[in-house]
Amino acid sequence: MSKYFGTDGFRGKANCDLTVEHAYKIGRFIGHYYGRDHKCRIVIGKDTRLSSYMFECALCAGITASGADAYTMHVTTTPSVAYIARTEEFDCGIMISASHNPFFDNGIKLINGQGEKMEVAVINEVEKYLDGEYGDIPYATGENIGRVIDHAAGRNRYIGYLVTLATHSYKGMKIGLDCANGSTWMIAKSIFDALGAETHVINNTPDGINVNTNCGSTHIEHLQEYVKAHKLDAGFAFDGDADRCLAVDENGDLVDGDKILYIYGCYLKEKGMLTNNTVVTTVMSNFGLYKAFDEVGIAYEKTAVGDKYVYENMRQNGHLIGGEQSGHIIFSKYATTGDGLLTAIKLMEVMLTKKQPLSVLAEPMKVYPQVLKNVRVTDKDSAMNDPDVQAAVDAVTESLGSQGRILLRKSGTEPVLRVMVEAPSKELCAEKVDGVIEVMAKKGLLIEIKA
């Protein structure tokens, strides 16, 4: 794990963990690094949170001071920056967003020229510069100073691209959109209106501090109520930067990332287009997804948690679809990152092609009850590898057989182990989780059970 950058960028409380100085220095380094032998071009997008404007200015100042040109797409989505970076031959892209976090957090996501998350080798060099270990970077002077160029046209090209991916008119469909007061607040409605839907939009009045506040994919209950109250055909909820999407069926029931993977995986298989007959998931996908895939003969891969790892697996093996329960869904034929708007369009394609509502499409996948407890331990590696703890985990695995599973994994940032069990009943899940935690306590490995 890098010092500043995690799997989804440099994220933290604005001007506390992630400061305007950090942003300026990142801009300085990236502008210098990519502009060593040519006039570098960097495209930048941001979400609606208050600090995004501040960080945009700081990044642009750093980039231009190093002699590169900064192209600003303004308020837009993470996948749109990735799309423009790769299709318009930018050296790299930067997205300013803390995704689904509250407004007082923010983040800087670095995207390479192929529209993918930045290579670790480059991230390591950025971090060296932030820590003063890289050395001085010269300032550009005279005519070599960079420019800030308005590139709202890039956002419009991305919208046009998504519209071309729709296979049907949405005329006659009543669709709800929860924009989370974030990046899709204008984009989502314009796309669904252009495709002919009767579009109902909520949480599309950003004020800088209401992004993700009781809305969007992290508070799906509001869209569920709205869809039922207005008798809509479906609803789609996005997060702050729209790299994820959760859906709601016509009955107001949640269609999460696992069910989206199931629906689209089955659709591709039926059409004979599921490359390698495989869908990529993370280890946190529900056990019910794997049971449902087994029923229809679809293979699956399991990666570490994080859409970064999902995409790496897809790219290496040529798989077409993968994602996370949280709604990060990657369609590798069309995008290099999770894209909430693309996910909504792809679900609409299945509904309209098969002439079936979301409830019917998702019905075969039965979600297994789950209990997850986070436990603070004296040392996570010692606790994870303790023979008695491992024996307890093996015993749970044996007792559940084909009717459930246990997952014990380490937190990437804290001295915490996560104990998760999925089984036919909530009570059985809790019993098995508590049994493993009890072994940790008896061995003196446990400090506390976190909330």
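What follows walks through the sheets, pockets and salt bridges of a predicted model. Local features are reported where pLDDT is at least 70, side-chain atom pairs count only at pLDDT 80 or more, and totals for chains, interfaces and linings use all residues. Residues are numbered from 1 along each chain as its sequence is written, and side-chain values use heavy atoms, with hydrogens and water left out.

The sheets come first. Helices (H or I, at least four residues) and strands (E, at least two) are DSSP runs numbered from the N terminus, and two strands are taken to pair if DSSP finds at least two bridges between them. Seven strands make up an open sheet in the order 1-2-6-5-3-4-7, with mixed pairing. At its edges sit strand 1 and strand 7 (148-150), each of which pairs on one side only. Inside this sheet, strand 3 (residues 41-46) and strand 5 (residues 92-96) run parallel and are joined by five bridges; Gly45 stands opposite Met95 in strand 5. Helix 5 (residues 152-165) lies across strand 4 (69-75) and strand 7, running at about 55° to strand 4. Contact here means heavy atoms within 4.5 Å, while axes are lines fitted to C-alpha atoms (for helices, over the stretch in contact) and angles run from 0 to 180 degrees between N-to-C directions.

Another open sheet has four strands in the order 18-19-17-20, with antiparallel pairing. Strand 18 and strand 20 (446-449) are at the edges with a single partner strand each, so one side of each has no neighbour in the sheet. On average, neighbouring strands of this sheet are turned by 25° against each other, direction ignored. Strand 17 and strand 20 run antiparallel and are joined by three bridges, and Arg376 stands opposite Glu448 in strand 20. Helix 14 (residues 387-400) packs on this sheet, touching strand 18 and strand 19 (416-422), and its direction makes about 150° with that of strand 18. Helix 15 (residues 426-442) lies across strand 17, strand 18, strand 19 and strand 20, at about 15° to strand 17.

Now for the pockets. On a 1 Å grid over the protein atoms alone, a pocket is an open set of points where a 1.4 Å probe fits, with protein on both sides within 12 Å along at least five of seven lines; lining residues have an atom within 4 Å of a point. Grid points are joined across faces, edges and corners, and the volume is the space filled by probe spheres set on them. The largest pocket comes out at about 1300 Å³. Its lining has 41 residues, with Thr7, Val305, Gly306, Arg409 and Arg418 nearest the centre. Elements supplying at least two lining residues each include strand 2 (9-13), helix 10 (307-317) and strand 17 (370-377). The second largest pocket holds about 330 Å³ of space. Among its 22 lining residues, Gly6, Thr7, Gly9, Lys117 and Lys308 are closest to the centre. Strand 6 gives the largest share of this lining, three residues.

Finally, a salt bridge is a side-chain nitrogen of Lys or Arg within 4 Å of a carboxyl oxygen of Asp or Glu, and the count comes to 27. One of them links Asp131 with Lys3, the closest N and O atoms being 3.2 Å apart. Asp131 lies in the loop between helix 4 and strand 7 and Lys3 in the segment before strand 1, so the pair ties together parts 128 residues apart in sequence.
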